[in-house]
Amino acid sequence: MKKYSLLLVLMLALSVFLTACFGGEDADESAGDASGDDNAAEETESDAPQELRVIETSAIPAMDTMLASDTISFTTMNNVMEGLFRLNADQEAVPALADGEPEVNEDGTVYTFTIKEDAVWSNGEPVTAEDFVFAWQRALDPESGSSYGPYLMEGKIAGASAVFNDGADPSELGAVAVDEKTLEVTLEKPISYFTSLMAFPTFYPQNQAFVEEQGEDFATNAATLLYNGPFVLDNWDGSTDGEWTYAKNEEYWDAENVSLEKVTFNEVKDPQTAVNSYESGEVDITSKLSSALVPQYEGDPNLVTWLEPTIFWVKMNQTNEALQNVNIRKALAMSIDKQALTDNILNNGSIPANYAVPKEFVTHPDTDADFREANGDMLEYDLEAAKEFWATGLEELGTDTVELRYLGGDTDTAKLTDEYIAEQLETNLEGLTINLESVPFSVRLERDESLDYDLQFAGWGPDYLDPISFSDLWITDGGNNHMAFSSEEYDKLLKDAESTFANEPGKRFEALQQAEKVLLEDEAAIIPIYQRQANILVNEKVSDFTYHFVGPEYSFFPISIGE
Amino acid sequence: MGKYLLQRILFMLLTLFIIISITFFLMKLIPGSPFAAAAKLSESQRAIMEAKYGLDQPLPIQYFRYMANVIQGDLGISFQFSNTPVTDLISGRIGPSAMLGLQAMIFGTIFGIFLGVIGALKQNTWIDSGSTLIAVLGKSIPSFVFAALLQYFIAVKLGWLPVAFWRGWEYSILPTIALSIFPISIAARFMRTEMIEVLSSDYIVLARAKGASSFEVAFKHALRNALIPVVTVLGPLAVSLMTGSLVVEKIFAIPGLGEQFVTSINVLDYPVIMGTTILFAALFIFIVLVVDVLYSIIDPRIRLSGGEN
């Protein structure tokens, strides 16, 4: 008897603790969820329940549009809020809060947007031009701690630099509310992709009265946010919450075209767990599969794949004497069998990159031809040529051995890739020694900045739908060059693209293509390695799953659930 | 006793202070920038950001500012989770970790002690070998393997329990088992060794001679003395269990502290690294004290005192 009572006390203590842990509101919620999981209630209805369950790789770091700097925050904002434009499934910017295309002046430097009459916040107030001006000025306030504000506005929106760096009055920013529904934006120079930039959450509006009323609590949980998108955050306790839900926003101007009633998200960091919960039917959409998991789903109708506009390359630091020699650089660039890397080591559908601007990313504004068509492949794997360039290079340097430090990442995939590349270089180029160093991401960034490396494996994903997102990386002394690369011809072509041809999109595009040719064919400034493919499992009853190339990763509102 | 406790608490505060200081400077030695978008920011943009968070100041000034804030109970605001105070980040995530740890501890200790006692009583029989085997397996199988196997067979293949997430008590069963395998093996091993030793001591022989049943001898007379070394190990183990396991939390997608702590180190989220370290250290130091107090309860021969008499 004594033993039983001890057990009883323990169980009682535990149950009290349990209620505390899943406490209050959540306890009710989880009861509702459980029946939803069994599908017992819903299956009696004839139509499939319009509910979706999705895996994300992290909790939501930020819901204040000016503070966000990561894909998961941007994706959430894209679904519960809205800007002037949004990206559609074809990666085109289409009007969202904007009532049709903006009026643009002759120079292409002043855009006048009209805001939809029926666009409202979730508290019923209309979305006004003033909301945009407020949000943008806020993102440029050095005190606000926004990083994407200055990153996306400086050099683009007139006055942005003066406001952020020189303490100019925020009203000097080139964004003005002409009247309640008219926003006039003045640019520093014409930007051909400006409407797609307006799809970026950093440029979303914010309701000043609400933000100021919430003060420090603003955007810290579902209740301290205003929504103007297809969904509202229904259940989100803040950045620590590992599970959050969207509910349909009935006030949304296009609510009739949104069929999902509820979307549930769960934070899952382990790729195998993501797949396991998908396999057991607990979720409908996984996060991107890690490359080891891809082969087992090859040919599966539920595997959705797309080529991401993300390229990985090896940077060559030209403060190193050997790497100043163009023949040495060409030899290094042409001696790596990239096909074998993507086929055998990555094995996730990624493709070898023989270019510096990705494939299937942007098209010629006049002819619609892919950026890649004009230039084709450059610096392809060619062992014979590589060895010749190597010999010439060594002769010019007056040496027969070269030793290079290779800076790589510390993730599993990165280590495998780096070891492969180092091995290829050493085997194929006689007299070359590679010293591999694997470091964490933040360390690599710091050493990149201080040019403390010879070779470095790095990657880049774009923030806007334009080749310049890649091209301006390599301008002399550019913010991300960090490899002492400098070519007068390259700089001139980019300057042409940005100023001379600013209002001739066709010529501008061609100048950027020409620049890529200079970068790779003439200078062999970097060694492009591969372009990444995304792989994700989407249950076949989910239709219109939509992904994006820049900014937010997914749009969930076009989705409907079939039988 | 009171004087002893006061002295101990003073030393605890000193220890905590030293831990905070060392961690602070070690953490600042890690190279890199805490800003996620660092690669995209220009130098002047980054300088302004650093000034905003006080990172442009010399290290000693940053240190004194931080210490002053900590004394006032302000642990700062996270870099990776914008706008979120570190105290919120910790309190929001400690629930699941602590609950799993506590359950694993209770289940693991009881089951482990039981295994150890049985092993000792039935020394050198198949029951003994069986319980030793469980203890050895528990100690030698890495938890990520054990957790992954549990998840695959029990949840995916058999469908008896949920694969992952954190929505109710049934979601805590598999991770609890995965976590408890280690305390089980520790408790069983120590318990068996101690029990064998205690069972051969004179007072046990006396108890037997007086006609006590073997159950009574084992659980009433022997267990209490054999528990002392187990309590020593289990105290600190309890802290490490309750502050979250990276592996188990990751595999079962539990929104706990373990995962968050490791991520914060990877992305150099200074305030979260410091806040979590302070919490772990404080808990650890506190549990060590509790263990010492427990000694005197379990074994009246041990007297706690200030060190004089």
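Over how many bridges do strand E11 and strand E16 of chain A pair? The answer is 10, and the two strands run in the antiparallel sense. Here strands (E, at least two residues) and helices (H or I, at least four residues) are DSSP runs numbered from the N terminus, and two strands pair if DSSP finds at least two bridges between them.

Before going on, a word on the model: it is predicted, with local features needing pLDDT of at least 70 and side-chain atom pairs counting only at pLDDT 80 or more, while totals for chains, interfaces and linings use all residues. Residues are numbered from 1 along each chain as its sequence is written, and chains are lettered from A and ligands numbered from 1 in the order in which they are written.

E11(A) also pairs with strand E15 of chain A. Here's how the two pairings look:

Now for where the chains meet. The contact (C-beta atoms, placed from the backbone, within 7 Å) takes 50 residues from chain A and 51 residues from chain B. On the chain B side, H4(B) gives the most, with 9 residues.

Finally, the record: in an unreviewed entry, UniProt lists residues 93-481 of chain A as "domain: Solute-binding protein family"; positions follow the numbering used here, feature names are shortened, and annotations may be inferred rather than shown by experiment. That span is 29% helix and 19% strand, and its end C-alpha atoms lie 29 Å apart.

Notes: Two residues are in contact if their C-beta atoms, placed from the backbone, lie within 7 Å.
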